[in-house]
Amino acid sequence: MKKEYKIGVVGIVALVALFMGIRFLQGKDLFNTNHKYYVSFVNAKGLARSSKVYADGIDVGIVSDILYNYEKPCQVLVEISVDPRLVLRPGTRIQLDSGLMGGCTLNMYPSRNLGKPYQRGDTIPGYEQTAMLDKAAEVIPDVRQVIAKVDTLLTTLNRVAANPDIPVVISNVREVTSDLRVTTQRLNDLLGNDVPVLLTTYNQLGEHTTALVDHFKKVDIRPTIDSVNCTLSNVNSLLARIQSNEGTIGALINDRSMYNNLNHTIQSADSLVTDIKAHPKRYVHFSVFGRKDK
């Protein structure tokens with residue numbers, strides 16, 4: 001009977017060891033006290049069991065299982081086993097990062113929120129990051145368009161470079177550049193020599209103007225203004241007398257008959273001068289011997 005007991009005990013131990021080995025190969029640690037949580041994703045992609053879980057770049061656990069949620073299609077539950085010292089609070093971001101050449105990594109960014117922490121077995125929403133190859137596939141159509149535009153641009157540049165007028169244009173540009181250098185040099189000379197002189201002259205003119213204004217401020221022009229006012233008053237009085245009939249000038253200007261008489265006198269004098277020129281002998285008698293013609 002003792003041999004049978006020993007064989008039974010050995011068989012049980014072997015079965016237990018086989019079970020534990022299978023569980024270990026499945027990535028499940030039977031002797032740890034880690035806390036287990038579930039993370040929901042739309043697509044688990046290349047994530048595998050026994051993949052490590054990182055928190056801020058530090059290994060804090062493993063992926064213990066990946067389950068498909070048959071009650072909610074298009075949802076995958078990832079069971080993670082993490083260090084019990086890690087406290088996950090609302091706002092924690094668990095992200096599924098795709099590698100450059102495939103494969104996935106589960107990265108955790110714990111929240112500093114002081115709210116009530118998640119309990120064991122709670123489901124935490126997960127986020128997915130687009131893989132580099134997927135981004136490259138999205139960018140490829142834009143790259144193709146850019147390549148086509150670059151090809152068109154190069155073709156246009158080749159045509160422009162083959163144009164016989166290009167050397168002439170380049171020669172003209174060189175001449176213009178040379179002229180610009182000369183103009184720039186002259187402008188620098190002007191700014192370095194003439195402008196300071198002009199500024200000095202301007203400053204002196206400003207000083208003289210200021211001195212002149214100060215001098216005018218000190219001059220008492222009240223007597224001059226009073227004299228001018230008096231002169232204007234006398235002129236106004238004289239003009240008033242001329243416009244009236246008083247005085248010779250006023251009578252001459254305002255009396256029409258005097259103007260007519262004066263005009264008639266001038267006309268008579270003109271007729272007399274004309275007659276003298278025509279018949280001078282009527283008015284002037286001259287003789288060598290003193291004889292007078294009858």
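In the predicted model, a nonpolar patch on the surface is formed by Val146, Val150, Leu153, Leu154 and Leu157, whose accessible area together comes to about 440 Å².

In one of them, the side chains of glutamate 128 and lysine 45 meet with an N to O distance of 3.9 Å. This pair joins distant parts of the chain, since glutamate 128 belongs to strand S7 (residues 123-128) while lysine 45 sits in the loop between strand S1 (35-41) and strand S2 (52-55), 83 residues apart. Glutamate 128 is partly exposed, at a relative accessible area of 33%, and lysine 45 is likewise partly exposed, at 37% relative accessibility.

A salt bridge is also formed between arginine 49 and aspartate 65, with the closest N and O atoms 2.9 Å apart. Here too, distant parts of the chain are linked, as arginine 49 is in the loop between S1 and S2 and aspartate 65 is in strand S3 (residues 58-68), 16 residues apart. Arginine 49 is partly exposed at 46% relative accessibility, whereas aspartate 65 counts as buried because its relative accessibility is 13%, which falls under the 20% limit for burial.

Lysine 52 and aspartate 59 form a further salt bridge, in which the closest N and O atoms are 3.7 Å apart. Lysine 52 has a relative accessibility of 43% and is therefore partly exposed, and aspartate 59, with a relative accessible area of 40%, is partly exposed too.

How values were computed:
Residues numbered from 1 in each chain as written. Predicted model: local features only at pLDDT ≥ 70, side-chain atom pairs only at ≥ 80, totals over all residues. Heavy atoms only, no water. Patch = residues over 30% accessible without salt bridge, like charges linked within 9 Å, V, L, I, M, F, W, Y side chains within 5 Å. Areas by Shrake-Rupley, 256 points an atom, 1.4 Å probe, with all protein chains shown as cover. Salt bridge = Lys/Arg side-chain N within 4 Å of Asp/Glu carboxyl O. Helix = DSSP H or I, 4+ residues; strand = E, 2+ residues; numbered from the N terminus. Buried < 20%, exposed > 50% of the residue type's maximum accessible area, 1.4 Å probe, protein only.
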